[in-house]
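Here are my notes on the model, point by point. Please read them with the structure open.

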Amino acid sequence: MADLFLNGFNTLSHGIVGYVVPFLFVLTIVVFFHELGHFLVARWNGVKVLTFSLGFGPEIAGFNDRHGTRWKISAIPLGGYVKFFGDDSEASTPSNDSLSKMTAAERSVSFHHKKVGPRAAIVVAGPVANFILAIVLFTFLFAVFGVPSTSPRVDNIQPGSAAEAAGFKPGDVILSINGSKIHSFLDMQRTVGAEAGNQLSFTVQRGDSTVDLKATPELREIKDRFGNVQRLGILGISRSTSAGEVTTERVNPAAAFWMGIKETWFVVDRTFSYIGGLFAGREAADQLGGPLRIAQISGQVATIGFTPLLHLAAVLSISIGLLNLFPVPLLDGGHLMFYAIEAVRGRPLSERAQEMGFRIGLGLVLMLMVFATYNDILHLASS
């Protein structure tokens, strides 16, 4: 019985350390910078910030700064918020009754008494901070650790594959795809993986000459080293590497910064391609994941090393930035939508209209969370 209890305790401890700690590390970085964007731009625009919270629910620990802002860590670590003077809730919903009773001094520091421009700048600053964080993390990784690379050479071709049908031969070196230069085998994989079902134009080096080929990647389910299933475009070619063929390219800070921007855009573009594929029926909705999936992936990536964990933080930061820009009431994009309507009408929507919008937004967000959690449970049960 003692051994059974000890084994159970060890398993639980490993789960907490292996999954929860990396998950909280990644999520805390991303949420902190998102809320910091709101906070800094609000301060620059003269808005009084009442609360800066990492997490929701009851406060665990906190302090007040000299400006009267309460900085705190809350019990439910699945996000965060910044509450401004004049907000009726953590979602920045206003109360017209409370706003109308403010003095002139209070109105000068109230978020909802600022003009549309400053309010929009404060709201969009959160997602922008997420994109900036991703660029900074990518830049740091490229500049400090370099970029591992192998030449885009074709060593093996699967029988019956798209590559065989297109006329690829062992020894071909892929120079470009659709006119874009290919620097490594990973470049080729990422480009092809995002283009399942789309015909691509390849320029390859074959001996002393160049050959133009056309191939359409096939959509296949691929398992990564942890058993997670991904749907990617596959040509059916592989690369054999030997000692010395994998090189690490050192990148200067300026080049690393530009690569960081391009890497951020790649994630944005791939995300929109996936969303478009969902509506077109080309992508499966079971790839949508929630906190459980993020926790699992964080734990898996942490076993590889700290560098991949930072890369995951950058990707997650982009995802959260994009999600918050969706025009759904309750999210930053919903606030921006309301401000755009206000700018066109010359006055804000009625309190009732905004309240209905936030209720609809809350319903949509909750449905998305339930669906993502359902996917997470199915994924964990099948793994």
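1. First, a term. A residue is called buried under 20% relative accessible area, exposed over 50%, and partly exposed in between. Keep in mind that this is a predicted model.

2. Start with Phe-272. This residue sits in helix H7, which covers residues 253-280. Its relative accessibility is 44%, so Phe-272 counts as partly exposed.

3. Phe-272 also belongs to a nonpolar surface patch.

4. Now Lys-83. Look for this residue in strand S2, residues 70-84. Lys-83 is partly exposed because its relative accessible area is 21%, and the buried class is under 20%. His-38 lies 45 residues away along the chain from Lys-83. The C-alpha atoms of Lys-83 and His-38 are 9.7 Å apart.

5. Next, a sheet. Four strands make up an open sheet with antiparallel pairing, in the order S6-S5-S7-S8. Which strands stand at the edges? They are S6 (180-181) and S8 (209-215). Each has a single partner strand, so one side of each lacks a neighbour in the sheet.

6. Within this sheet, look at S5 and S7. Strand S5 spans residues 173-177 and strand S7 spans residues 200-206. The two run antiparallel and are joined by 4 bridges. Ile-174 faces Val-204 of S7 across the pairing. Helix H6, residues 185-193, packs on the sheet and touches both S5 and S7. The direction of H6 makes about 45° with that of S5.

How values were computed. Residues are numbered from 1 along each chain as its sequence is written. This is a predicted model: local features need pLDDT of at least 70, side-chain atom pairs count only at pLDDT 80 or more; totals for chains, interfaces and linings use all residues. Side-chain values use heavy atoms; hydrogens and water are left out. Patches are made of residues with over 30% relative accessible area and no salt bridge: like charges are joined within 9 Å, nonpolar side chains (Val, Leu, Ile, Met, Phe, Trp, Tyr) within 5 Å. Accessible areas come from the Shrake-Rupley method with a 1.4 Å probe; for residues, only the protein chains shown count as cover. A salt bridge is a side-chain nitrogen of Lys or Arg within 4 Å of a carboxyl oxygen of Asp or Glu. Buried means under 20% relative accessible area, exposed over 50%, partly exposed in between (1.4 Å probe, protein chains only). Two strands pair if DSSP finds at least two bridges between them. Contact means heavy atoms within 4.5 Å. Axes are lines fitted to C-alpha atoms, for helices over the stretch in contact, and angles run from 0 to 180 degrees between N-to-C directions.
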